[in-house]
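Dear colleague,

Please find the structure below, handed over for your study.

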Amino acid sequence: MPSRARISSAVFTTAASSSPSTRAPHLALAVATARVLSGTFRPEEAHHLFDELLHQATPVPERALNGFLSALARAPSSAACRDGPALAVALFNRASRADGPQVLSPTVCTYGILMDCCTRAHHPELTLAFFGQVLKTGLGVNTIMITNLLKGLCEAKRTYEALDILLHRMPELGCVPDVFSYCILLKSLCNNGKSGQAYELLRMMAERKAVCSPDVVAYSTVIDGFFKAGDVAKACDLFNEMVQRGISPNLVTYNSVVHALCKARAVDKAEAILRQMVDKGVLPNNTTYSNLIYGYSSMGQWKEAVRVFKEMTSRGILPDVVTLNSLMASLCKHGKIKDARDVFDSMTMKGQKPDIFSYQIMLNGYATKGCLVDMADLFNLMLGDSIAPDIHIFSVLIKAYANCGMLDRATIIFNEMREQGVKPDVVSYYCLIQGFCIHGGLLKAKELALEMMTKGMHPDIVFFSLIINNLCKVGRVMDAQDIFDFTVSIGLHPTVMVYSTLMDGYCLVGKMEKALEVFDAMMSAGIQPNVVVYGTLVNGYCKVGRIDEGLRLFREILHKGIKPSTSLYNIILHGLFQAGRTVPAKVKFHEMTESGIAMDTYTYSIILGGLFKNSCSDEAILLFKELHAMNVKVDITTLNIMIAGLFQIRRVEEAKDLFASISGNGLIPCVVTYTVTMTNLIKEGLVEEADDMFSSMENAGCEANSRLLNHVVRELLEKNEIVRAGTYLSKIDERNFSLEHSTTTLMIDLFSSKGTCREHIRFLPAKYHFLAC
């Protein structure tokens, strides 16, 4: 059997013995071209073929040569040949420079193919060289060749030279630019951040100052350029202009618009474009829907993302794994772990295989919800799917077990990870160390920290500050102090924020003297307190009712020339109002205004809430009206305070009107808004309106929480609305919520053997009938 290297020679010889000599090169190149198209032609075979051609000294037919070079130009990279365009140029140059009779007679078409090869091979300088060679030979040029020259110049970042050739040199050479030539320049300008100049060139075409009019590709190129430059408005205007000129957008155009609008978080507009394209008969594809799903998911609108997902699959379009992962991540983030699992399972049912990121998202979702059994089952499924866990997967498992106190299990996973050759990183160590810290294993936590250091991983102060912060949040400030002392013992230097965190921990448990000791230690370490540190101490004094000491410290801040922050003023204002010291609070508010300190929405919430709390409702209402008149943006928390305050002073209609105006202010009622409004409506005897509001809340996609339902049940019971209370108790049961202590106590008082409503116990769900005993 002849070797692969001799195949071309065998074909050449057989052809020569059975056909005229002029046919042999044709047949040899035909076989070679077929091999290129099949992806099995190797560079060494190509060079051997040209050796034979040069040896025979027989002219190569133009058509056969151009077909072979064109096949190489468009050949995708393969195991046989990684760079077909570069090989084509190398073969041509070799044959052109060889001694002896020339077997190649290149035409304008040949040079056009070679110039295209140079651009594809990212050698624009050779494109220009071939063009110069054509001019020297006197073969003449055509539009296709100059189009290849434009590509080469644009590849070489010489766009303005290409533009000059398009607008001036092409007419001089007798070539008429076509829309494809213009599109090369439009794309190059957009790629180089010159979308404005691309638009001017497009405008020239549209206004008939060019020899051809723009088509959908030309418009789409500039529209995409504006989108990539972040100029969404211009892109949308150009899209509308294209439609008005009677040029129908194609799928590429629509996908570009949908993608950009989703990226700009204008997903509602993106979906409007989707509906428009369907109306125009352009069917959305995987990319269209995937962009919408990703857009809704990234904005946390998981219900909309699921809706688009269902529409997509109903059309028989299957999202790719990346899109499904995005949807699952959004669902898990919003606690919809069951829905996320349904999406996960749909992959395998539709023939797709979840990747390691799919498993990581689901495992993390289960871990966050505390569903450790489901997490373990999914992990086993992953192993059965022959997907090896990486450091991120192991870290999810370690964190999940460590956070719930299953430290033995977390340690086993940690050790299994090492046994499988996956080296622990800072994150995996942190998860385990934090678990031991939170659950009382400080000694083990320190051992692990020292082990990290022996392995070349040096935890910095940020690493420990997170642990200190978490301990302080749960009131374990002495353990936090222990870790703080440990960081100092291993040579780390706590920052001002670490000191502030520890001080805040002591303040939270009311140990102001200890907080001051940390303050003194910070000063001894040469670290000057900043406004955050002072704010921590002032907040601590206010929380324990030592407002005068907080004010003294506030004056000390001013004396030291430290400018108080908005947050610090908020702390003082809140403390004063809570202490019932309304006049000093108003003084501080005016002082804040005169000092030019910026006020945030929390500031206004404090002031309005404080005024209502201290029977200054008229002042609160006046201030709110002033804010509205000045177009000051408030948030839903501020409106909640106003609604509650208006109900408090029995201005019910105004409270209801304010609730109705929420959407007009560009805000969305939250569960607290509904809780405040519903409970107050019930207090006013407007129970049917409260029921209607609950229905509208559910229709709006705002889910009732345990606090709302418990509050509503208590208010209904107080109003002797037993049947309605039973309805809301059923909702508590359906959602697996628990009764709050105050709800249970009230029910016992009403329905026990000594209660006044014992005979009405039958109106409650059966599980509560035991209260009558």
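Predicted model: local features only at pLDDT ≥ 70, side-chain atom pairs only at ≥ 80, totals over all residues.

**Findings: helix α11**

Within α11, the buried residues are Ser195, Ala198, Leu201, Leu202, Arg203, Met205 and Ala206. Against which helices do the buried residues of α11 pack? They pack against α9 (159–172) and α10 (179–191), as well as α12 (216–228) and α13 (232–244).

**Helix α34**

Helix α34 (residues 601–613) has 13 residues, and from its first C-alpha to its last it reaches 18 Å, close to the 18 Å expected. At its start, a side-chain oxygen of aspartate 600 comes to within 3.2 Å of the backbone nitrogen of tyrosine 602. The buried residues of α34 include Thr603, Tyr604, Ile606, Leu608 and Phe612. The partners against which the buried residues of α34 pack are α32 (566–578), α33 (582–594), α35 (617–629) and α36 (636–648). After α34 comes serine 615, whose phi is positive, near 60°.

**Asparagine 291**

Asparagine 291 lies in helix α16 (residues 286–298). Is this residue, asparagine 291, buried or exposed? Its relative accessible area is 15%, and buried means under 20%, so asparagine 291 counts as buried. Leaving aside neighbours within four places in sequence, asparagine 291 is in contact with Asn255, Val258, His259 and Cys262.

Yours sincerely,
A colleague

Conventions: Residues numbered from 1 in each chain as written. Heavy atoms only, no water. Helix = DSSP H or I, 4+ residues; strand = E, 2+ residues; numbered from the N terminus. Expected span 1.5 Å × (residues − 1). Buried < 20%, exposed > 50% of the residue type's maximum accessible area, 1.4 Å probe, protein only. Contact = heavy atoms within 4.5 Å. Polar contact = N/O pair within 3.5 Å; in protein donor to acceptor, adjacent residues only side chain to side chain.
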